[in-house]
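Here is a short tour of one model, written to be read with the structure open beside you. Please keep the viewer at hand and follow along.

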Amino acid sequence: MDDLLFMQKALDLAARGIGFTSPNPMVGAVVVSNNLIVGEGWHQSAGKAHAEVVAIDNAGFEARNSTLYVNLEPCNHTGRTPPCTDKIIESGLKRVVIAMRDPNPLVTGNGIEKLLNNGIEVTVDICKEEAKKLNEYFIKYIKTTTPYTIVKCAATLDGRIASENGDSKWITGIQSRQYVHEIRHSVDAILVGIGTVEKDNPHLTTRLGNKTGSDPIRIILDSRLSINEDAAVLESSLISKTIIVTGSHVNKEKKARMIEQGIEFIKAPLSNGNIDMAVLNVLLGQRGITSLLIEGGSKIIGSAFASNIVDKICFFYAPKIFGGNSGIPISTGKGCHLMSDCLNVADIKIHQFENDIMIEGYPQY
């Protein structure tokens, strides 16, 4: 029996849940009998049946004496749904193949232990790295209760994200921008500074063409509450909510009007006159935000790196040279004195979208 082949199928099924399962992980499962898939399923959204249950029900009586492949250790606790381990035991499955253990340190191994105690053979760590990559948002949040944070930027080859007057449309091509919408779809929230709102007046929604996408929660850093009340991110027709992060001293009447319109607020402490990103990261986690995409501008990106909250970068570079030093750089703020003090980025992957290049990697603090 090809464990790798069937586990890859489970991972492919799990990936169908991208953007829909938060705060739950993405999970796929297949039931295999006589080297043939007789049942399959994936977790479609929080509150709905787990992948294992769907796959077993799909297999019906053929689940007995068969093998279940699942990319995450089956749960052994009752949440919105009953434990998956009970369903597995009742179905008569003889073997369970698991890509990775539950990352929650309070429950890891509990599901495996229950299956073993009930006479079911268990194999673990098949396609483990692929499984960890798929659920990297969930793993970070379940271990730290702070959101998995991605920084995205689009720059010229010499590192400018906009001209001196703020013009940035468009640095990269259509395919690059489409991929950014895929990232938006995958995360719980998107964050920009008030400067980006003032210059671009974005909606910060997800646009996937003919595919259904999820709009992230919009988070605007605006310490003085200077946002124009007609800004696109405040439109009542938008599906997901908007949160404005401010300091302590703001116009109370303006804030009250915006609250009546459904806008939410977070008050965060300031550091050197700017929102303290490290504290904000904790506050967002307390609100159940498991993943966050930071899209700028340069001051926000610089603050995010200085606060050590960035888990992943997606830097897009267009084959363009801005020239000169008048444009806006990727990040601003206090940098390093020595090149040896730079933040290193590991596990680099290079993606190409038409003539644009995207560098994906993981900062090493």
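Asn65 counts as exposed because its relative accessibility is 52%; here buried means under 20% relative accessible area, exposed over 50% and partly exposed in between, with a 1.4 Å probe and protein chains only. You will find Asn65 in the loop between H2 and E3, where helices (H or I, at least four residues) and strands (E, at least two) are DSSP runs numbered from the N terminus. The phi of Asn65 is near 65°, a positive value in a residue other than glycine. Asn201 also has a positive phi, about 45°, although it is not a glycine. Asn201 sits in the loop between H8 and E9 and is partly exposed, with a relative accessible area of 39%.

This is a predicted model, in which local features need pLDDT of at least 70 and side-chain atom pairs count only at pLDDT 80 or more, while totals for chains, interfaces and linings use all residues. Residues are numbered from 1 along each chain as its sequence is written, and side-chain values use heavy atoms, with hydrogens and water left out.

## Cis peptide bonds

Most residues other than glycine have a negative phi, and most peptide bonds are trans. With that in mind, have a look at Ser22 and Pro23, which are joined by a cis peptide bond with omega about 5°. Pro23 belongs to the loop between helix H1 (3-14) and E1.

Another cis bond leads from Lys169 to Trp170, with omega near -10°. Trp170 is in the loop between strand E7 (160-162) and H7.

## The five-stranded sheet

Five strands form an open sheet in the order E2-E1-E3-E4-E5, with mixed pairing; two strands pair if DSSP finds at least two bridges between them. Strand E2 (36-42) and strand E5 (121-124) are the edges, and each has a single partner strand, so one side of each is left without a neighbour in the sheet. From one strand to the next, the twist averages 15°; angles run from 0 to 180 degrees between N-to-C directions, and axes are lines fitted to C-alpha atoms, for helices over the stretch in contact.

How enclosed is strand E1 (residues 28-33) by the rest of the structure? Six of its six residues are buried, so E1 is largely enclosed. On one side these are Gly28, Val30 and Val32, and on the other Ala29, Val31 and Ser33. E1 pairs with E2 in the antiparallel sense over six bridges, and Val31 stands opposite Gly39 in E2. The two strands form a hairpin with two residues between them, and Asn34 in the turn has a positive phi of about 55°. E1 also runs antiparallel to strand E3 (residues 67-70), joined by four bridges, with Val30 opposite Tyr69 in E3.

Strand E4 (residues 95-98) pairs with E5 in the parallel sense over four bridges. Here Arg95 stands opposite Glu121 in E5.

Helix H4 (residues 110-117) lies across E4 and E5, at about 150° to E5. The axes of helix H3 (residues 84-91) and H4 come within 10 Å and cross at roughly 20°. H3 and H4 are therefore roughly parallel, a label for angles under 35 degrees, with over 145 roughly antiparallel, 65 to 115 roughly perpendicular and the rest oblique. Their crossing is right-handed: a crossing is left-handed if the near helix is turned anticlockwise from the far one by less than a right angle, and right-handed if clockwise. Thr85, Asp86, Ile88 and Ile89 in H3 meet Gly111, Lys114 and Leu115 in H4, contact meaning heavy atoms within 4.5 Å.

Helix H2 (residues 51-59) packs against H3 at an angle of about 20°, with the axes 9 Å apart. That makes H2 roughly parallel to H3. The crossing of H2 and H3 is left-handed. Glu52, Val53, Ile56 and Asp57 of H2 make the contact with Cys84, Lys87, Ile88 and Ser91 of H3.

His181, in helix H7 (residues 174-186), counts as buried because its relative accessibility is 9%. The side chain of His181 reaches the backbone nitrogen of Arg207 at 3.0 Å.

Ser214 lies in the loop between helix H8 (194-200) and strand E9 (217-221), and at 18% relative accessibility Ser214 counts as buried. Its side chain reaches the backbone oxygen of Gly19 at 3.0 Å.

Definitions and conventions: A polar contact is a pair of N or O atoms within 3.5 Å; within protein, one must be able to donate a hydrogen and the other to accept it, and residues adjacent in sequence count only if both atoms are side-chain atoms.
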